[in-house]
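Please read the following report alongside the sequence and the 3D view.

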Amino acid sequence: MLKTLKNAFKIKDVRRRLFYVLLMLVVVRIGSQLPIPGVDSNYFKNWFASQSSDAFNFFDAFTGGSFTEMSIFALSITPYITSSIIIQLLTIAFKTLEDMQRDGEEGRKKLTAITRYVTIGLSLFQSVAMTIGFGNKGLIPDMNFLKGVVVVSCLTAGSAMLMWIGEQITEKGVGNGISIILMINIVSRIPSDLLTLFEQFVKGKTIAKGALAALIIVAVILVVVVLVLQYSKKMVGRKVMGGQSSSIPLKVNTAGVIPIIFASSLMSFPVIIMTLIGKTGGNGIGGHILKALTSNNWFNPSEPVYSIGLVVYILLVIFYTSITFNPMEVADNMKKQGGFIPGIRPGKPTQEYLEQILSYLIFIGAAGLVIVAVIPFFFNGVFGANVSFGGTSLIIVVGVVLETLKQIESRMLVRNYKGFLSE
């Protein structure tokens, strides 16, 4: 990795793109510290610290601490991620959107435009909900209509600006801009989370107990990172014949980390909404459902019944993983290009064959995602190690780093080919 970066800085175009990414990330982190006018950030910090649910921890990890600071980037790029997931799900239900997805570059541009509009709509909705929900409780001193408009405008504009920055990084930098912003937000929270673990399990203990706790924490983090690395690199292929022999690269993890984000977001949404309106359910059936949706309670030895939420979580991950690869589209594209799998007829038989292969990959991929994500949940529930980063965050960070390095290597390779052709 270090060798790749070292060689990349020797190439002017790649170096310029890397510096552009770094500059944009500096802008992102500065914006994450700029407070919204008229907001009492101390109130929100105190309120956030009093919450026992992990729903807001999950949200704060994705915003890089902007959420607890109530900065202009408090919503971060979560509305964009949510809108992307919504559009992807809708392409399955609506043929018009499905046709756009198949319509090459022109169709993808239309879907991107729709995603942007949905992002602005979601940002506006979340901004209004947060302003009303928290504003009436003291977040905005002397709350009135004008102050509410200012807060809503700042939050919505901040989310839109991050979406624009992400697209600019993709176009003028290296890698996927949205993913890189998400990664840097997560990485920015890791030092404070490690400090939390230190104060909770090491500080104030005897030397022996403190050292043992520190070793266990380091070992768990290393094990999860190694698992993620191995999992992210795993790929299988199926030979395809056409004008020349090639293969279809089928990742074991066909959907990346999106199924985890989808499941976590969907289960966190009811908890966040009920908290915003001040109704946590108490000891009634609503309260028990909300506890089951909170991962802090999944491995709690004193209340094992709430671990039923883990089953729902796993089913959501499997569901989303299963819809991310379209065998029919792959089979149609192969047929149009004159390609075929040896021993398998083009068209419907190819589609059925790919569906059979993918049924195994989906199970293995979803199982791998769940295992990596559940390890931190286990320590959280059993030992109360409540931190914002976990298996999901590590999958994102490692995945983005690997993908960005691949793009850097690709650009270096293209540059070498150009040099060879020009001679």
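This is a predicted model: local features need pLDDT of at least 70, side-chain atom pairs count only at pLDDT 80 or more; totals for chains, interfaces and linings use all residues.

Residues are numbered from 1 along each chain as its sequence is written, and side-chain values use heavy atoms, with hydrogens and water left out.

The protein has 17 helices and two strands, where helices (H or I, at least four residues) and strands (E, at least two) are DSSP runs numbered from the N terminus. Of its 423 residues, 43% count as buried, a word for under 20% relative accessible area, while exposed stands for over 50% and partly exposed for values in between (1.4 Å probe, protein chains only).

Helix α2 (residues 12-31) has 20 residues, which at 1.5 Å a residue should span 28 Å, and this agrees with the 29 Å between its end C-alpha atoms; the expected span is 1.5 Å times one less than the number of residues. Among the buried residues of α2 are V14, L18, V21 and L25. Seen down the axis of α2, its buried residues line one face, because they fall within an arc of 155 degrees, taken from the directions from the helix axis to the C-beta atoms.

Two single residues lie elsewhere:

| Residue | Place | Relative accessibility |

S76 is not a glycine, although its phi is positive, at about 55 degrees.
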